Amino acid sequence: MNIADQALVKKINQELLLNQILSHSPISRAKLSEITGLNKSTVSAQVNTLIEKQLIFEIGQGQSRGGRKPVMLVFNKNAGYSIGLDLGVDYINGILTDLEGNILQDCYHDLNELAPEKALEILFSIIKGFLNQLPDSPYGLTGIGVCVPGLVDNNHIVFTPNSYWSQFELQSLLQQEFNVPIFIENEANAGAYGEKKFGSASNFNNLIYVSISTGIGVGIIINNELYKGINGFSGEMGHMTIDFNGPKCSCGNRGCWELYASEKALFKSLKHRVSYQEITNLVQQNDVDTLSSLQNFGFNLGIGLTSILNTFNTEAVILRNHIIETQPIVLNSIKNTVSSRVYPQLNYQYELIVSSLGKNAPALGASSIVIENFLDIVKV
Ligand SMILES: [Zn+2]
């Protein structure tokens, strides 16, 4: 083998071992050898490299049937840190995580109707705030992951129909200021990834994640991989046509699904902008208008979700929206609509579930993209 091939084999072996340590930690060298099929000297050599790189460390002693007790290996989740940022239409949600995706700090900022430059300043100040609190570690900040609702192609924001984020070259702006790897992803893709890695979707290989806020975005995971489309534009299902004579949409089309089934559409039907808390109060008071608006919100969502299930035949659809997560009447209405309209053979084959990560799903997905990149380049 030439030197390049040897380096590649080492890298592949380290990846194999690190993945096993990540999922089975604490684990012994002997067990690693047994699971991976790598011989003991290879395991020992690569484990030593991972220890030198401070990605793993040894702890006390594990269980053993007689003889010397083995030393156990643990992933060093504090070897470095990652920042995930969800740039919404009217908010920024930021988190600082360790390398296992545990949230150490979070920061939520309402943008209301702030000028774009002001919003950018807030974004920078959130990151600086996290950096000031960063614990000492071998690798420090390993990168920043950002997600936005809109079209994102290879870390470049192409179009954000409901916000102004596309007017900034965010990747280079952040790169210049913070000098770490910067990743930019579509918000629904990041949310799907977050749920797959850390949330309700971890047991599903094929799933659709639907983010419902000002618009509707869809993240598609097929055979455990994000399906992004050739330009990264897949999942713009908020803009599938529900009514071909319907009102004009910001995307240029007419009668798009999100004009009827987004949170914005729900608020419009409630006649005046109310807070989440006020919706809860009105539901508790059995307010007829509120209940029928929520019922209708579920119905409109169910119409589009039926087409999605008929198209993808996935095991699960994960719904991310605060009102759906807190008001069961909406999920019931969605389920009734879908089960009465979906291709009958698909019934009982899918699960409709709410996000378990809530508002942090996209930021966690963005952070996890950073972590995976870091673990990939730090080996060998
Ligand atoms: Zn549209």
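Student: Which helix holds both Glu 121 and Lys 118?
Tutor: The two residues are 3 apart, about one turn of the helix. Helices are DSSP runs of H or I with at least four residues, strands are runs of E with at least two, and both are numbered from the N terminus. Here the run covers residues 116–132, which is helix α4.

Student: What kind of model is this?
Tutor: Residues are numbered from 1 along each chain as its sequence is written, and side-chain values use heavy atoms, with hydrogens and water left out. Local features need pLDDT of at least 70, side-chain atom pairs count only at pLDDT 80 or more, and totals for chains, interfaces and linings use all residues; this is a predicted model.

Student: How far apart are the closest N and O atoms of Glu 121 and Lys 118?
Tutor: Side chains of opposite charge can pair when their charged atoms come close. A salt bridge needs a side-chain nitrogen of Lys or Arg within 4 Å of a carboxyl oxygen of Asp or Glu. Glu 121 and Lys 118 form one, with their closest N and O atoms separated by 3.4 Å.

Student: Is Arg 320 buried or exposed?
Tutor: Buried means under 20% relative accessible area, exposed means over 50%, and partly exposed lies in between (1.4 Å probe, protein chains only). Glu 325 has 25%, so it is partly exposed. Arg 320 has 13%, so it is buried.

Student: How far apart in sequence are the parts tied together by Asp 376 and Lys 11?
Tutor: Asp 376 and Lys 11 form a salt bridge, with the closest N and O atoms 4.0 Å apart. Asp 376 lies in helix α13 (residues 361–378) and Lys 11 in helix α1 (residues 3–24), so the bridge ties together parts separated in sequence by 365 residues.

Student: What is the strand order in the open sheet of 5 strands?
Tutor: Strands of a sheet pair through backbone hydrogen bonds, either parallel or antiparallel. Two strands count as paired if DSSP finds at least two bridges between them. This sheet has mixed pairing, in the order β13-β12-β11-β14-β15.

Student: Which residue in β15 is the bridge partner of Ile 318?
Tutor: Strand β14 (residues 316–320) pairs with β15 in the parallel sense, over 4 bridges. In β15, Ile 318 has as its bridge partner Ile 353.

Student: What angle does helix α12 make with β15?
Tutor: Helix α12 (residues 328–341) packs on the sheet and touches β14 and β15; contact means heavy atoms within 4.5 Å. Axes are lines fitted to C-alpha atoms, for helices over the stretch in contact, and angles run from 0 to 180 degrees between N-to-C directions. The direction of α12 makes with that of β15 an angle of about 165°.

Student: What is the phi of Gly 101?
Tutor: Strands β5 (residues 91–97) and β6 (residues 103–110) run antiparallel, joined by 7 bridges. They form a hairpin with 5 residues between them. Gly 101 sits in the turn, and its phi is positive, about 80°.

Student: What is the omega of the bond between Ser 25 and Pro 26?
Tutor: Most residues other than glycine have a negative phi, and most peptide bonds are trans. Pro 26 is in the loop between α1 and β1 (27–28). The bond from Ser 25 to Pro 26 is cis, with omega about 0°.
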